[in-house]
Amino acid sequence: MSSIDNKSVNTLRVLGAEIISSVNSGHPGIVLGAAPILHTLFTRHLNINPSDPTWFNRDRFILSAGHGSILLYMLLHLSGYKISMDDLKQFRQKGSLTPGHPEWRHTPGVEISTGPLGQGFATAVGLAIGESFLDAKFNKYDNDIVDHYTYVLCGDGDLQEGVCQEAASLAGHLGLNKLIVLYDSNDVQLDGNVELANTESVEQKFKAMNWNYLRVEDGNNVEDIDKAISLAKENPTKPTIIEIKTIIGYGAPNSGESSIHGKPMNAEAIQELRKNLGYTSNPFSIDDDVYAFYKKNVADRGYNVCTLWNKTLNDYSNKYPEDFKLFSDIMYDDIKVPSFDELPKYEVGSSESTRKVMGKIVDYLSSKMPNILGGSADLTASTMVKGADGIFGEANPLGRNIKFGVREHAMAAITNGITLHGGLRGFCAGFFVFSDYLKPAVRVAAIMKLPSLFFFSHDTVCVGEDGPTHQPVEQLAMFRCMPNVNLFRPADAKEMEAALLYAFEQKEYPTVIVSTRQNVETLAETKPEAISKGAYVVYEPKSALEGIYVTCGSEVQLCLEAAKKLDSEGVGVRVVSMISQFLFDNQDASYKEKILPSKITKRLAVEMGASMPWYKYASNVLGIDTYGASMPLKYIHETYGFTVSNIYEAYKKLK
Ligand SMILES: Cc1ncc(C[n+]2csc(CCOP(=O)(O)OP(=O)(O)O)c2C)c(N)n1
Ligand SMILES: [Mg+2]
């Protein structure tokens, strides 16, 4: 290792350990162990342009082992992103630019929020899919405008996560050769040695999943790491995992032990670290030669690569003006979403399941929007939702239908990755009940305010015969209480169309749309133009207003009929279609008061799901607070009390 490589690596190590100790919080083990890996990646391979952090063709680097955040922040600081030494010293402090785990949109240069192990790895697969698709769509024999790698640093813990297995399996199947995972293999994790929990061979496992496996025996050997990354970049058909043997907490008195994983070192231990590394520079500082080395090898190198790319793009715009126009629209996220009037019309009184409508409209939107990519977890025939242009894969990299297989968790994380890539709209689909399997990825999307799209069918116990394991009850409550998640539960075809348009327009929040398995009638009363408010009056009685049904989804029709019956008897009950509690909660007080006037306290919320989310709007709820049961659909409504007559009676019983 050259002396400057050595000095840079040791600067990362000592400064990282010092910062962690000074704030008494953080994870020194990975910083000390993995510093040479990321030093090599950043100074020799990673093409980024810190003066233009969102440069479209930059390499993406994902720190899946998010607990190593300070290492990433130091590298970003050295690379020239707008992160100062003071910011580094404020690590993990209130309001700082350098929070506990990397946060997207918070710290420049951070590509994704990580911390939940496995999630970063799986999301990276989506980024690689995005690159591969855009490469196939736009590159010409003489001109590559999309040509970047997706790098991941992961640890033992990442690889133990189920989501990682799912994502790795799919990445191997798809042959995503631009995906390169650097595995910080130190045989240690939080609670002790990895062998206490794992015996499998990572090599054999990844090879079996169609990955290229490389190994670096000495994680301090920058040249060997460099060579392995170069080799990985050349693989034409497979993603690569480079297992790099490191020593956790390298240089610390307790190196190689789990006690160094997440415990700040004391002053004595830091002194010993300095001695062991032969490091003599001042505390809390970086010497000029290290800054200069990074400037030359990261910032200037990246700037030059970016400048070259701009020339290539310019060339491309002259030679291929039409493709360039589309590329620009995609790059600047400027693809137009069709208007409601362009969508297929559904006649009032016609009957169709909202899942079928969802499938049709996603097909239609895909035909108009070339940036939509997605698919389902082996449930296309049931959810009715799929991507366009055939199945995405090596044989058809322009396919926009991703066969995720029964891998819900990775599917959602990959959807986040596709969306994060930039320019693309990722969506995925499955049975609503199995949204449990992918909730952690929706949560990360919500934290990031990433507009990923999660489409589900079979929204209630109306699933019927498949029984309680397949009948969602509490999942609506789960998503409604997740901050930043917009859940739509449309009443009919018109509301579904409007919800889909709204979702594809969205740039700030993830959207969840749930659809019915069973047919529902297209209602005269529904107002697609009102769904952006989250709730609206779908039926206003002729009789004097005395009460309100608050409802959504397939129950809107039932409430309409009950309200009409009550109206005919002189009892005035309004019906509110609350398609999105999230959007309604975000309306101003006067709109809320208009829809749910405070003086009208006689209110009944009606939904075939857990009652919990409704008490905000009504003190009485007709819900389902048990698991379902297997039976044909025709018995379901009667069994759970969701008939017009019961909804009518339930209102009459209100005090
Ligand atoms: C999903 C999830 N579970 C648990 C944790 C808590 N956690 C953070 S790091 C870690 C140990 C991971 O071990 P490894 O990846 O080998 O990291 P190393 O100790 O080598 O730094 C654990 C359990 C987490 N961040 N995410
Ligand atoms: Mg480890």
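Student: Which polar backbone atom is 2.7 Å from an oxygen atom of ligand 1?
Tutor: One of Gly157. That is a polar contact, a pair of N or O atoms within 3.5 Å. This is a predicted model, where local features need pLDDT of at least 70, side-chain atom pairs count only at pLDDT 80 or more, and totals for chains, interfaces and linings use all residues. Residues are numbered from 1 along each chain as its sequence is written, chains are lettered from A and ligands numbered from 1 in the order written, and side-chain values use heavy atoms, without hydrogens and water.

Student: What does His67 do there?
Tutor: A polar side-chain atom of His67 sits 2.8 Å from an oxygen atom of ligand 1. For Val188, a polar backbone atom is 2.9 Å from a ligand oxygen.

Student: How much of ligand 1 does the protein cover?
Tutor: 75% of the 590 Å² of accessible area that ligand 1 has on its own. The area is Shrake-Rupley with a 1.4 Å probe.

Student: Which elements give two or more residues to the shell?
Tutor: Helix H6 (156-160) and strand S4 (188-189). These are DSSP runs, H or I of at least four residues for helices, E of at least two for strands.

Student: New topic. What order do the strands of the open sheet take?
Tutor: S1-S2-S3-S7-S6, with parallel pairing. Pairing needs at least two DSSP bridges between two strands.

Student: And which strands are at the edges?
Tutor: S1 (60-63) and S6 (212-216), each pairing on one side only.

Student: How many bridges join S2 and S3?
Tutor: Six, in the parallel sense. Leu153 stands opposite Leu182 in S3.

Conventions: A polar contact is a pair of N or O atoms within 3.5 Å; within protein, one must be able to donate a hydrogen and the other to accept it, and residues adjacent in sequence count only if both atoms are side-chain atoms.
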